[in-house]
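Please look over the sequence and the three-dimensional structure shown here before reading on. The briefing that follows is arranged by topic.

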Amino acid sequence: MKVRINQIIRKRSRLADVSERDVDVLAIKIGRSGASDIHLADPRVRLDHAVVDGDEGRFEIRAVGDAIVLVDGRPSAVAALRPGAKISVGPYEFRIGEPPPGLDLAIAVELVQPFDAESATAMTDDMRMVARHLPSRRVVAWTLALAIFVAFLAVPVIAAFSPGVHEATKAFRPFAAWNSGRISNVHSPIAETCSSCHLRPFVQVENAQCLACHTSTRQHADPEIVDLGGFRCESCHKEHNGPRLATRADDGFCVGCHGNLAKVAPTTTLVDVAGFATAHPQFRPTLVIDPIGPVVRRVPLDPRPTETSNLRFPHDKHLRRDGLRTTAGNVTLTCASCHVPGPGGTTMQPIRMEAQCGGCHTLAFERRFPDWTVPHGEPDKVRRTITGLYSQIALTERRDVDRAQPGRQRPGDLAAEEKTQREADQAWVEARTEEAMATMFGASGCGLCHATERKPDGWTVRAVHVSRLFMEKARFSHARHTTVGCSECHAAQTSSTSEEVLLPGIATCRGCHGGATPETGKVASSCLSCHAFHTHADHIRSAEAAR
Amino acid sequence: MHESFLTYKGFLFLKVAGLAGLLALALYIGHAPMDAPNGGTWLGYGLGTVSALLILWLAWFGVRKRRYGGVQPLKGWLSAHVYLGSALLVLGTLHTGFQFGWNVHSLAYALMLLVIASGIFGTIAYSRLPRLVAANRGRQTLEAMIAEISSLDRGARQAAMALDDKVNATVVAASERLQLGGSLIRILSGREPACRTAACLAHLEELAAKGTLGPEEGATLSTLVRLLYRKGELLHRARLDLRYQALLDIWLHVHIPATVLLIVALIAHVVSVFFFW
């Protein structure tokens with residue numbers, strides 16, 4: 001077969017350069033191989049890609065093996081070559097034309113899809129930039145910035161000024177993100193209402209907001225002596241620091257004024273203090289210094305003061321280690337036999353005659369009637385009680401005795417006899433009563449413990465005055481010191497008179513308590529361990545109102 | 001001698017930053033507020049004010065850097081930016097008093113950490129990578145590497161033309177598309193797990209090992225192997241180069257937007273604190 005092959009090479013100018021040759025072969029081999037009749041120098045073409053053969057004007061193209069040949073766009077293993085047909089072999093296009101005279105076939109071959117690797121390697125700079133893979137910096141920044149601005153600034157600020165907006169945004173808790181920390185446990189009920197405390201924007205929380213609820217909080221000091229009105233509640237009570245309300249509790253705060261009171265409160269009677277361990281004055285308990293009045297005064301424990309209470313009570317006699325002989329046998333008393341902690345454990349309950357003393361010290365006055373006792377603390381009723389008993393005896397026992405002597409009876413003179421008998425009884429009752437009164441109020445009765453006096457109008461007992469609260473400026477709790485024995489602080493075992501004040505001095509406390517920064521082995525004790533702050537009688541509110 | 005921004009004036013700003021950090025730390029340790037340490041004590045307000053002003057000044061560097069005009073070098077500024085920015089880590093952290101929560105205050109702090117962390121990344125990148133970039137490139141630019149890869153591809157395709165279809169197909173696959181870049185993760189890794197050039201090379205080496213080829217084909221094959229080996233080496237260097245460029249670039253995509261966010265959050269933080277004082 002004689003075939004004309006036109007290989008067309010198109011340049012950039014679009015002008016085709018055609019190389020024309022005629023071959024005369026049995027079959028036309030098409031492929032990348034150098035031995036091919038139509039040599040297609042492109043890596044996408046197989047070494048032996050296709051074959052064209054046939055005769056008598058009927059020619060066919062056959063793909064070799066599984067090589068792909070497209071005829072008019074459709075893959076075909078075998079296809080007849082008709083003039084006008086378009087055949088694709090890899091990137092080449094074969095066009096079949098009318099054969100010139102003397103030839104069997106005319107084939108035009110053109111590379112229509114040049115190998116594109118060059119353009120692939122000419123990678124743009126853009127592809128290498130990280131920015132290509134990320135959203136625009138500017139878009140990210142401004143979008144998120146706007147979100148932060150709206151959510152955390154605009155909405156809360158508008159909500160603070162506009163109740164309507166606040167109501168509308170309530171579900172989103174617009175101020176939640178402004179909360180710098182958890183509110184204290186005691187203030188939890190108002191935690192969600194910022195305006196409970198923060199009333200005016202850009203103004204610090206005012207005392208009035210605190211006092212709206214804290215209506216009974218007391219002043220620290222008498223405003224006449226020192227004016228503390230300039231202080232803000234918040235300067236000592238800090239919020240938004242977690243479940244515990246932070247309260248200023250350092251000694252420095254107290255010592256700032258109490259270290260040199262003359263400077264801030266020249267008229268005060270308080271003594272300067274600079275710390276418990278070294279610079280705290282001796283305790284000054286409130287004592288009854290004169291039972292007439294009575295006159296009470298804070299007296300220092302150095303030198304040991306005496307208290308005039310009008311009571312005689314020798315602790316040592318009651319606390320004998322070998323016990324006390326009583327009607328109920330031998331009894332050994334301890335402190336707790338008489339001293340019972342009061343509610344809360346701070347102070348002891350008052351001593352009552354009936355409860356604490358009556359077990360041994362009976363108020364009976366007639367041996368034959370031990371249950372017939374006089375009431376304690378009511379001298380007026382004492383005489384009536386005694387007279388009552390002897391009148392009863394006179395009415396019952398004496399008359400019976402007299403009637404047993406019939407020889408002395410004179411019949412018909414009963415009324416006169418009765419009269420004489422009654423006068424005798426009255427005289428007897430009177431005599432016995434006087435006798436018993438003298439015994440009762442004497443040194444073996446009331447006088448054992450009390451100061452008694454016989455006055456023209458009768459016996460009197462001087463009123464007893466014992467301080468109910470010795471340390472009125474401090475808070476001492478017996479309940480918190482139960483691991484310490486009574487006698488470690490109170491020298492009752494060796495105290496023989498009730499004039500002695502059995503309170504321990506500061507040295508005793510310092511045995512365990514070492515101030516705010518104690519030495520090793522001692523308990524840290526700040527001012528507030530024993531003293532409270534808001535202790536003045538006046539409420540803050542009244543002082544604020546007065547101002 | 002070249003002086004880097006890190007060693008500027010004998011570490012002047014490192015010393016300033018170190019002193020500021022130590023001073024803040026000493027004050028914080030000595031500070032015993034009645035409540036827990038927090039941003040609202042006198043020290044808290046002090047550290048907060050200094051930190052906020054420092055943030056604005058540090059951010060101003062970004063504006064200044066983009067301004068033309070003025071010939072004074074920014075090396076001193078950069079040195080101060082880097083070291084004082086690191087000191088902010090100490091000042092800002094102590095300002096918080098270690099009180100954190102889901103609020104705008106901790107948001108500002110977190111953004112500050114993000115800015116500082118990305119800045120430290122950038123500092124390390126700029127102090128280490130340029131040397132690695134130079135060593136990796138040798139005397140070739142990335143464009144020159146790509147051009148050489150391209151010509152090696154052409155040579156390989158030419159050489160493979162006479163070889164078996166199967167071999168040819170792998171060579172074409174390896175050379176028709178430049179496997180460089182791609183996804184961000186791929187760029188940052190500096191690797192190409194499905195490298196066709198490496199696969200082709202392995203295939204050719206396997207073929208050569210079999211020894212079933214004629215002398216002419218064998219010679220072509222060894223030429224091809226040489227070409228592809230060189231290409232593989234160039235590809236590796238080009239990928240490393242892209243990786244280094246990406247590392248030098250990527251932190252700014254965090255540093256700058258986070259700075260903008262930080263400034264907005266900082267404003268919200270300051271306003272909210274004093275709004276509800």
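**Briefing on the two-chain model**

Thr123(B) lies in helix α4 of chain B, which spans residues 104-137; helices (H or I, at least four residues) and strands (E, at least two) are DSSP runs, numbered from the N terminus. This is a predicted model, in which local features need pLDDT of at least 70 and side-chain atom pairs count only at pLDDT 80 or more, while totals for chains, interfaces and linings use all residues. Residues are numbered from 1 along each chain as its sequence is written, chains are lettered from A and ligands numbered from 1 in the order in which they are written, and side-chain values use heavy atoms, with hydrogens and water left out.

- Thr123(B) counts as buried, at 16% relative accessibility, where buried means under 20% relative accessible area, exposed over 50% and partly exposed in between (1.4 Å probe, protein chains only).
- Leaving aside residues up to four places away in sequence, Thr123(B) touches Phe5(B), Leu6(B) and Val82(B), a contact meaning heavy atoms within 4.5 Å.
- Leu22(B), Leu25(B), Ile29(B), Leu89(B), Val90(B) and Leu113(B) make a nonpolar surface patch of about 500 Å²; patches are made of residues with over 30% relative accessible area and no salt bridge, with like charges joined within 9 Å and nonpolar side chains (Val, Leu, Ile, Met, Phe, Trp, Tyr) within 5 Å.
- At least two residues of this patch come from each of α1 (8-30) and α3 (75-96) of chain B, and α1(B) gives the largest share, three residues.
- Val90(B), which lies in helix α3 of chain B, is partly exposed, with a relative accessible area of 30%.

**Chain A: the five-stranded sheet**

- Five strands of chain A form an open sheet with mixed pairing, in the order β4-β3-β5-β6-β9, where two strands pair if DSSP finds at least two bridges between them.
- The edges are held by β4 (38-39) and β9 (78-80) of chain A, and because each has a single partner strand, one side of each is left without a neighbour in the sheet.
- Strand β5 (residues 50-55) of chain A runs antiparallel to β6(A), to which six bridges join it, and Gly54(A) has Phe59(A) as its bridge partner in β6(A).
- The hairpin formed by β5(A) and β6(A) has two residues between the strands, and Glu56(A) in the turn has a positive phi of about 55°.
- On its other listed pairing, β6 (residues 58-63) of chain A meets β9(A) in the antiparallel sense over three bridges, with Ala79(A) in β9(A) as the bridge partner of Ile61(A).
- In a regular strand the side chains alternate between the two faces of the sheet. In β6(A), the covered face carries Phe59(A), Ile61(A) and Ala63(A), whereas Arg58(A), Glu60(A) and Arg62(A) are on the uncovered one.

- Nine bridges pair β1 (residues 2-10) of chain A with β2(A) in the antiparallel sense, and Ile5(A) stands opposite Arg21(A) in β2(A).

**The interface between the chains**

- The contact takes 55 residues from chain B and 58 residues from chain A.
- About 4,700 Å² is buried between the two chains, with carbon and sulfur atoms giving 69% of it; buried area is the accessible area (1.4 Å probe) that two parts lose on being put together, summed over both.
- Two salt bridges are counted between chain B and chain A, each being a side-chain nitrogen of Lys or Arg within 4 Å of a carboxyl oxygen of Asp or Glu.
- Arg32(A) forms a salt bridge with Asp165(B), where the closest N and O atoms are 3.2 Å apart.

Conventions
Areas by Shrake-Rupley, 256 points an atom, 1.4 Å probe, with all protein chains shown as cover.
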